[in-house]
Amino acid sequence: MGVEGCTKCIKYLLFFFNFIFWLAGGVILGVALWLRHEPQTSSLLELELDGAHAPSTFYISVHILIAVGAVMMVVGFLGCYGAIQESQCLLGTFFVCLVILFACEVAAGIWGFMHKDTVSTEMINFYDTVYEKAVAESLTAQQKQGPTAAGVLKVFHETLSCCGKGAGTSFMTQITDRIGITDICPSAATTVNCHNRINELFTDKIYLIGIAALVVAVIMIFEMIFSMVLCCGIRNSPVY
């Protein structure tokens, strides 16, 4: 015989929220793995030219999400088991883990908000460097071993279906492609510039991460409240 009345209701509510928390951890882990291996993003972030790699800030964030998702699944299981067993020790450990996770999430959220444009800016800078080198190679007819700037730029353009840094460069590059001076725009003609495409690509990903983090934070707040109420109920129960 365990807790009774309202405390018993809290017990099953805590189990339910922990199950949702465990599922949320699985969803975050799955989304993070998808972001890590999503073809469009991967093809851009794995580019390399003259020893310089594409910015890795996005992948660092994704790897953190993978770790958070895995930890959430472990903590969620701990909370479910602690609630069913009505164990003060497990519930106390669960509460401490939640507080630590919540603090880390708030800190990560503040950092992410302050640097939300960093990934796009770094990728745009990398693209501009590659674009200038590719145009210079084409105009001077330079031949080199290994990946060329034009080849790397072609990957950008084919992946994002864009061409050029802005409307002017997009138009000029398509003209030089047609007269045979360069060969860097995508096969399908497009007037969309790559700065806009890069911003759209990574902004959408950041919003996806932010929505997931907000949902998890709300669940964690309820779990911290319920775990403490249940722990106090167990302590005050005459059965224990």
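1. Let's start with helix α1, which covers residues 6–37 of this predicted model. The helix has 32 residues, and from its first C-alpha to its last it reaches 46 Å. That is close to the 46 Å expected at 1.5 Å a residue.

2. Which residues of α1 are buried? Going along the helix, they are Thr 7, Ile 10, Lys 11, Leu 14, Phe 17, Asn 18, Phe 21, Ala 24, Gly 25, Ile 28, Ala 32 and Leu 35.

3. Now for the surface. Tyr 12, Phe 15, Phe 19, Trp 22, Leu 23, Phe 77, Tyr 81 and Ile 84 make a nonpolar patch of about 770 Å². The biggest giver is α1, with five residues.

4. A word on Phe 77, one of the patch residues. Phe 77 sits in helix α3, and its relative accessibility is 56%. Exposed means over 50%, so Phe 77 counts as exposed.

5. On to the aromatics, where the count comes to seven pairs. One of them is Phe 19 with Trp 22: the ring centres are 6.1 Å apart and the planes lie at 20 degrees, so this pair is stacked. Why are these two about one helical turn apart? Because they are three residues apart in helix α1. Phe 19 is partly exposed, at 39% relative accessibility, and Trp 22 is also partly exposed, with a relative accessible area of 31%. Both residues belong to the nonpolar patch too.

6. Tyr 127 and Tyr 131 make another pair. Their ring centres are 6.0 Å apart with the planes at 35 degrees, so this one is tilted; stacked would need planes under 30 degrees apart. Both tyrosines lie in helix α5 (residues 118–140), four residues apart, which is about one turn of the helix. Are they buried or exposed? Tyr 127 is buried, at 0% relative accessibility, and Tyr 131 is buried as well, with a relative accessible area of 7%.

7. Last, the aromatic cluster. Ring pairs link Phe 16, Phe 17, Phe 222 and Phe 226.

How values were computed:
Residues are numbered from 1 along each chain as its sequence is written. This is a predicted model: local features need pLDDT of at least 70, side-chain atom pairs count only at pLDDT 80 or more; totals for chains, interfaces and linings use all residues. Side-chain values use heavy atoms; hydrogens and water are left out. The expected span of a helix is 1.5 Å times one less than its number of residues. Buried means under 20% relative accessible area, exposed over 50%, partly exposed in between (1.4 Å probe, protein chains only). Patches are made of residues with over 30% relative accessible area and no salt bridge: like charges are joined within 9 Å, nonpolar side chains (Val, Leu, Ile, Met, Phe, Trp, Tyr) within 5 Å. Accessible areas come from the Shrake-Rupley method with a 1.4 Å probe; for residues, only the protein chains shown count as cover. A salt bridge is a side-chain nitrogen of Lys or Arg within 4 Å of a carboxyl oxygen of Asp or Glu. Rings of Phe, Tyr and Trp (its six-membered ring) pair if their centres lie within 6.5 Å; planes under 30 degrees apart count as stacked, over 60 as edge-to-face and the rest as tilted.
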